[in-house]
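Biologist: Please take a close look at one part of this model's surface. Begin with the whole chain, then zoom in.

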Amino acid sequence: MTGQVVGWAAGFVLLLTIGAQTFKQWRCRSNDGVSPLLFIGQIVASTGFLIYAVVQSDPVFVATNALMLLSAVTGLVIMWRNDREQSEDPTRGLVERRV
């Protein structure tokens, strides 16, 4: 039972950190410093881990990797949206610098 608690806690922390990055991308409408390979790699890895978790009947891994897969797809969609909006308006997503 202790292992399950540790697994759920670790999954929560992982989802919180990735979710915060995805939310920042959405809110700022900027992809600065973020590579699409991050999301593509996360999609591939999460899909593989999800299949493994289902085969192993591990509910912690199933839930965590399903949500990680969802966050990766969401992040990639947000990145495409930001790129499209940036190409339509090159000033969008730029941060004003105060001197």
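Modeller: Of the 99 residues of the protein chain, 26% count as buried (under 20% relative accessible area; exposed is over 50%, partly exposed in between, with a 1.4 Å probe and protein chains only). This is a predicted model: local features need pLDDT of at least 70, side-chain atom pairs count only at pLDDT 80 or more, and totals for chains, interfaces and linings use all residues. Residues are numbered from 1 along each chain as its sequence is written, and side-chain values use heavy atoms, without hydrogens or water.

The protein chain has 3 helices and 0 strands (DSSP runs: H or I of at least four residues, E of at least two, numbered from the N terminus). Its radius of gyration, over C-alpha atoms, is 16 Å, well over the 13 Å of the globule rule for 99 residues, so the chain is more spread out than a compact globule (the rule is 2.2 Å times the number of residues to the power 0.38). The C-alpha trace spans about 55 × 25 × 15 Å along its principal axes.

The accessible surface of the chain is about 7000 Å² (Shrake-Rupley; for residues, only the protein chains shown count as cover). Carbon and sulfur atoms hold 69% of that surface.

Now zoom in on F12. F12 lies in helix α1, residues 2–28. Its relative accessible area is 56%, so F12 is exposed. F12, V13 and L16 form a nonpolar patch on the surface. Together they have about 320 Å² of accessible area.

How confident is the model? The chain averages a pLDDT of 86 (the predictor's confidence in each residue, from 0 to 100). At least 70 is reached by 91% of the residues. Among the elements, α1 has the lowest mean pLDDT, 87. Helix α2, residues 36–56, has the highest, 93.

How values were computed
Patches are made of residues with over 30% relative accessible area and no salt bridge: like charges are joined within 9 Å, nonpolar side chains (Val, Leu, Ile, Met, Phe, Trp, Tyr) within 5 Å. Accessible areas come from the Shrake-Rupley method with a 1.4 Å probe; for residues, only the protein chains shown count as cover. A salt bridge is a side-chain nitrogen of Lys or Arg within 4 Å of a carboxyl oxygen of Asp or Glu.
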